[in-house]
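Colleague: I would like to go through the terms used for this model and see what each one rests on. Could you show it first?

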Amino acid sequence: MKNLPRRQVLKLAAAGAASLALPAFAAWPDKPIKIIVTFPAGGASDIVARVMAEQLAQKLGQAVVVDNRPGAGGSVGGTAVTQSPADGYTLMLSNSTPISIGPFALEKQPYDPVEGFTHIELIGSAPCVVMANPKAGLKTLADLEAFAKKSGRLDFGSGGPASIGHIYGELMKHTLGLNMVHVPYRGGAPMTTDLIAGIIPVGIDVLTAYVPYFKSGQLVPLAVTSAARSALVPDVPSVVEAGQKKLVLDNFFGLSGPPKMPADVVSRLNAACTDILRQADIKKKMEELGITLSPAPSAAFTTYVKEQVAQLSPVVKSAGVKL
């Protein structure tokens with residue numbers, strides 16, 4: 001360097017200093033990435049997160065770990081993410097509960113579910129199912145509506161206050177003008193036990209866990225809440241087929257992060273997720289969970305979130321759902 005002109009030496013020194021001053025995300029990822037799941041281990045969200053974590057680790061060349069932080073309708077994990085640095089190292093397996101339901105069921109809303117996150121990639125969605133005990137004599141959604149109107153009251157069970165099943169029941173109540181009374185349980189398993197026993201006539205929950213009960217005849221599926229039928233139960237009509245377009249609701253799964261994440265990091269995550277979701281074995285795993293893949297990039301995913309928040313937040317508030 002001693003043979004270089006002084007001006008060129010100074011330029012090289014300045015360039016070196018500038019490279020040291022580059023923000024940390026320039027070399028992203030150069031350390032492990034964390035995906036926060038707002039539910040306990042073992043459920044659909046946890047399984048999806050672990051599938052994505054394994055695949056993202058291969059694509060990005062860094063460890064990707066899953067961190068389960070349940071509580072407060074998903075708002076415990078959601079708050080941890082929205083308050084994290086926007087450097088791409090803390091992400092969330094987002095879905096309807098911590099985004100469209102939980103924040104509105106708390107006395108003080110902890111975050112804005114749209115502006116409080118960078119919604120990176122929509123993975124897919126799974127419908128709920130409206131189901132009945134066989135002894136209730138209900139076969140269709142129209143039967144349910146007629147029964148509720150004739151009797152003046154219909155009890156329905158869900159996996160708990162502010163669960164997707166609970167909010168869907170409130171949506172039905174509001175849309176169809178029925179006197180539907182929520183019976184909360186501590187999870188889907190105890191609700192299923194009472195539904196099979198006939199203690200409650202109707203239950204609403206995410207479809208996946210209930211397929212064996214439909215096959216055995218212990219429970220009767222009335223409709224799935226998606227716009228089209230589910231491959232898991234192809235003989236069960238959708239709410240659209242039942243003439244109730246306003247009752248379409250999917251429990252979505254996506255990848256989100258803190259607000260204002262760098263565009264280049266979001267772009268890399270989009271590309272990696274898209275490649276992952278194209279794989280036949282990943283599609284099969286998701287279908288086994290009752291999830292229909294519908295990959296969408298950040299802008300489209302954000303629009304999806306806005307629309308679902310607009311649909312569900314008024315229902316949560318008007319029903320007085322509290323956590």
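Colleague: What share of the contacts between residues at least 6 apart in sequence joins residues at least 24 apart?

Modeller: In the protein chain that share is 77%, where contact means heavy atoms within 4.5 Å. This is a predicted model, in which local features need pLDDT of at least 70, side-chain atom pairs count only at pLDDT 80 or more, and totals for chains, interfaces and linings use all residues. Residues are numbered from 1 along each chain as its sequence is written, and side-chain values use heavy atoms, with hydrogens and water left out.

Colleague: Why is Lys139 called exposed?

Modeller: Exposed means over 50% relative accessible area, buried under 20%, and partly exposed in between (1.4 Å probe, protein chains only). Lys139 has a relative accessible area of 55%, so Lys139 is exposed. Lys139 sits in the loop between β4 and α5 (141–151).

Colleague: Which residues does Lys139 contact, leaving aside neighbours within four places in sequence?

Modeller: Val220, Pro221 and Leu222.

Colleague: What makes β8 largely enclosed by the rest of the structure?

Modeller: Five of the five residues of strand β8 (residues 220–224) are buried, so β8 is largely enclosed. Strands here are DSSP runs of E with at least two residues, and helices are runs of H or I with at least four, numbered from the N terminus. By that count the protein chain has eleven helices and ten strands.

Colleague: How do you know that β4 and β8 pair?

Modeller: Two strands pair if DSSP finds at least two bridges between them. Strand β4 (residues 118–132) and β8 have four bridges, in the antiparallel sense, and Ala132 stands opposite Val220 in β8.

Colleague: What is called a nonpolar core, and how many residues has the largest?

Modeller: A nonpolar core is a set of buried Ala, Val, Leu, Ile, Met, Phe, Trp, Tyr and Cys residues joined through side-chain atoms within 4.5 Å. The largest has 82 residues, and those with the most contacts inside it are Leu56, Met172 and Leu269. Beyond residues up to four places away in sequence, Leu56 touches several others, among them Ile35, Val64, Leu255, Leu269 and Ile276. A second, separate core has 14 residues, including Met131 and Phe214.

Colleague: How much of the protein chain is buried?

Modeller: Buried residues are 50% of its 323 residues.
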